[in-house]
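Work through these exercises with the model open. Try each task before reading its solution.

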Amino acid sequence: QLVESGGGLVQSGGSLELSCTVSGFTLDQYSIGWFRQAPGKDREGVGCISKIGGSTNFEESVKGRFTISRDVARNTVYLQMNTLTPEETAVYYCAATFTTVHNRCVLDMGDYYGWNYWGKGSLVIVSS
């Protein structure tokens, strides 16, 4: 099970941190990814943290603004989002996969990459 928290309303240029708490498995067993779906748009990958060594990958548009960290003892992954824009208003989801490629997580949602476990999402609204 994955449960997101921390969503809400933030002004443009502001920051917000989301949390994803997992149960039934550990962060050493599964990599965790963050995805978002804006109104009327497809779901897209934001960033992920690998189960092996905690390396991260990010979608190009959020590089330098978003960070992902994890607390293995608390089974929780964090998505810190800075300098948010109204276009980033979306429901943010965390997901889990057993698959890594060269020990890294991959944001591709294709079947091979196995993002099979999903939280229910947390709404982030960025006001202009």
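**Exercise 1.** In this predicted model, find which side chains of strand 1 (residues 2–5) are buried.

*Solution.* Now sort the residues. L2 and E4 point to one face and are buried. Next, look for the partner strand. Strand 1 pairs with strand 3 (residues 16–22) in the antiparallel sense, over four bridges. Within strand 3, C20 stands opposite E4.

**Exercise 2.** Classify the aromatic pair of Y30 and Y117.

*Solution.* The model has seven aromatic pairs. For Y30 and Y117, the ring centres are 5.8 Å apart and the planes stand at 90°. Planes over 60 degrees apart count as edge-to-face, so this pair is edge-to-face. Then place the residues. Y30 is in the loop between strand 3 and strand 4 (31–37), and Y117 is in strand 10 (residues 117–118), 87 residues apart. Last, check accessibility. Y30 has a relative accessible area of 19%; buried means under 20%, so Y30 is buried. Y117, at 42%, is partly exposed.

**Exercise 3.** Describe the pair of Y93 and W118.

*Solution.* Take the geometry: 6.3 Å centre to centre, with 80° between the planes, an edge-to-face pair. Y93 lies in strand 9 (residues 90–97) and W118 in strand 10, 25 residues apart. Y93 is buried at 13% relative accessible area, whereas W118 is partly exposed at 27%. Finally, check for a charge: R43 lies over the face of W118, at 4.7 Å from the ring centre.

Definitions and conventions. Residues numbered from 1 in each chain as written. Predicted model: local features only at pLDDT ≥ 70, side-chain atom pairs only at ≥ 80, totals over all residues. Heavy atoms only, no water. Buried < 20%, exposed > 50% of the residue type's maximum accessible area, 1.4 Å probe, protein only. Helix = DSSP H or I, 4+ residues; strand = E, 2+ residues; numbered from the N terminus. Pairing = 2+ DSSP bridges. Phe/Tyr/Trp six-rings, centres within 6.5 Å; stacked < 30°, edge-to-face > 60°. Lys NZ or Arg CZ within 6 Å of the ring centre and 35° of its normal.
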